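Reader: I am new to this structure and would like to learn how to read its features one at a time. Could you take me through them, giving the general idea before each case?

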Amino acid sequence: MPILHQFNHIFAITTILAALDAWNIGANDVATAFASSVSSRSLTLKQAMLLASVCEFTGSVTVGNRVTEMVRNKILAPHDFDDAPAVLLLAMMCTIMASSIFLTFATRRGMPVSPAHTLVGGLIGVATASIGFSKVNWGWSGVTKVVTAWIISPVFAGILGAALFFFTKITVLCRPDAVKRAFYSIPLYTFMTFGALAMMMVWESVRRPAISPTVVLTAVFSAGLGGVLIEGIFVMPYLWVRVMRNDWTLKWYHVFQGPFLFRREPPPPTTHGVIRPQIKNFYKGHLTPEELAYVRASEKLLESVQTSDEKPPCTEDDEKPILPYPLQSPTKSTRRRDSDCSSIIPPRPEGPRKSWAVIRWKITRFLLRGVEKDVIGVQKSSAIMNWDIADMHSRAPRYDNRAEYMYSTLQVITAAAASFIHGANDVSNAIAPFSLAFEVWSEGHVVTTNRVPIWMLCFGGGTIVLGLLTYGYHVMRTLGNRLTLMSPSRGFCVELATAITVLLATVLRLPVSTTQCITGATVGVGLANGDWRSINVKLVGEIYMGWSVTAPLTGLIAWGLMAMLLNTPSWPAP
């Protein structure tokens, strides 16, 4: 039985709020991380949800404890509450409540904010209201170090993303033999991705002040070479046969045949001379500068004809002509149809409402509501962010779709790595204060522990996944193609740069913002296009503005809650 049983209601509220906070992290931060994968068409929304669910949960459970310890002990000192452990329990409840309130508001409005900012702001607020402003660890080991990481991480991710894409562009994409160069670059990037993951796992598993460079290098090279070997045996033969030989009969499960695919007979000729598309058009729906100029000239001509004195008779439906998409600003009803995504939802089966087929259809639509959204279609809308999205997309160079397809396979690997590392880093934002509250409630005093219970990491990781599956699409459609034009090569560089940045932060036990890293990397990749107008500057400004107010507003909310509850007549004196 818990020692502080008289505060069971506070711990119960804390548990519910921790679940809400983790749900918001999944719906906001994880969705931000996967916006590039979905926007570039490397992964469908359902595939991204499945991959993120597995990798996020695994990263949270296996590596999440490392950053959790930093947040629990470095912003404020729990032992400052030794004389009043119940106040620490209340402080953790107010911290999570303030964070969940702000994140719920931001997620509902589709604002990509940072859960790390809300956590630190909440901790500062409750500390100020309870033990005093001076008790907050403002030094380099505490708040200063965290805030500095927030400033440096998007800049570092942006520089790294720009360097990766610029290198890929000049050495691969802009070359006449871009397809072959993209194929032969797969081992290099695979080695980098698997090596980065191995480095983080070594730092987590080895609990010594200093790790031997031999151990690190052995792990990095072993994992990197292992990843390259798997790619070389299974993925690269599949890509060669599908892309270089144009084998349109190849199915996804043929990848398991490995090198035996080279013995595959040439595909039969298509009937009636019809060419079956083998590689998807990753730039579908995005106009080139010439196409955009032609369409807008036609639009102006159409408007001039309609505003002339001699108007032809027209019906009510013809009064507002349909302009070439994506130039027409969607009406409220159009945006509603886009959000409902009726085009990708299977039609309602025929029959009465109580028939099993209709009931099953309704249940499936309810359960899959979060994964049946047309994210790419909504991202093309210019009205929501009041920005010329079509012009922004037209300024980004187009590359061979076959070369882009090579990088779509790499993006699946980097998306999985980024998701794993994100789970390792961001589970602390919900679990750190909750685990501290549990210890105080169950033990009756402030204790110092080195590990967070595995069930808490499972609780946080599972709730994060639930948030992504149910509401992640809402924030996901705000980023991606609305920030800059995404393609597999660009998305791959964004995710690899983000993964490396968050990896370094996890090793250093810094609760950095994945949103900041992914946004910084996306801006860097967009600038590497060679035209700053290929970036949605207004959206970047709004995101940075949101970051700047997140911690202060959350801190004020937490401070107000803590001060109000501590001064209620029913609260026991310390």
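Predicted model: local features only at pLDDT ≥ 70, side-chain atom pairs only at ≥ 80, totals over all residues.

Reader: Which residues of α8 and α14 meet?

Author: From α8 come Glu231, Val235, Tyr238, Leu239, Arg242, Val243 and Met244, and they meet Arg402, Tyr405, Met406, Thr409 and Ile413 of α14. Sorted by class, the residues of this contact between α8 and α14 are 8 nonpolar, 1 polar and 3 charged.

Reader: At what angle do the axes of α4 and α19 cross?

Author: The axes of helix α4 (residues 85–108) and helix α19 (residues 537–566) cross at roughly 140° and come within 9 Å. Since roughly antiparallel is kept for angles over 145 degrees, α4 and α19 are therefore oblique to each other. Here too the crossing has a hand, and α4 passes α19 in a right-handed one.

Reader: Which residues does α4 bring to its contact with α19, and which does α19 bring?

Author: On the side of α4 there are Val87, Leu90, Ala91, Met93, Cys94, Met97, Ala98, Ser99, Ile101 and Phe102, while α19 supplies Thr550, Leu553, Thr554, Ile557, Ala558, Leu561, Met562, Leu565 and Leu566. The contact of α4 with α19 is made up of 16 nonpolar residues and 3 polar ones, with no charged residue.

Reader: Where does Ala86 lie, and what does it touch beyond its neighbours in sequence?

Author: Ala86 lies in helix α4, and because its relative accessible area is 13%, under the cut-off of 20%, it counts as buried. If residues up to four places away in sequence are not counted, Ala86 touches Leu4, Phe7 and Trp571. A pairing across the sequence also involves Ala86, for Val446 is 360 residues apart from it along the chain and 9.5 Å apart in space, C-alpha to C-alpha.

Reader: Is Arg109 buried or exposed?

Author: Arg109, which is found in the loop between α4 and α5 (115–130), is exposed, with a relative accessible area of 57%. Arg109 and Val475 are 366 residues apart in sequence, and their C-alpha atoms are 8.1 Å apart in space.

Reader: What should I look for in a phi angle, and what is the phi of Arg41?

Author: Most residues other than glycine have a negative phi. Arg41, however, has a positive phi, near 70°, and its place is in the loop between α1 (8–39) and α2. With a relative accessible area of 16%, Arg41 is buried. Asn246 is likewise a residue other than glycine with a positive phi, here near 55°, and it is found in the loop between α8 (213–244) and α9 (289–306). Asn246 is partly exposed, at a relative accessible area of 46%.

Reader: Finally, how many helices and strands are there in the protein, and what percentage of the residues is buried?

Author: The protein has 19 helices and 0 strands, and buried residues make up 53% of its 574 residues. As for contacts with a separation of 6 or more, 83% of them are accounted for by residues 24 or more positions apart.

How values were computed:
Residues numbered from 1 in each chain as written. Heavy atoms only, no water. Axes fitted to C-alpha atoms, helices over the stretch in contact; angles between N-to-C directions. Helix = DSSP H or I, 4+ residues; strand = E, 2+ residues; numbered from the N terminus. Parallel < 35°, antiparallel > 145°, perpendicular 65-115°, else oblique. Left-handed = near helix turned anticlockwise from the far one by under 90°. Contact = heavy atoms within 4.5 Å. Nonpolar A, V, L, I, M, F, W, Y, C, P; charged D, E, K, R; others polar. Buried < 20%, exposed > 50% of the residue type's maximum accessible area, 1.4 Å probe, protein only.
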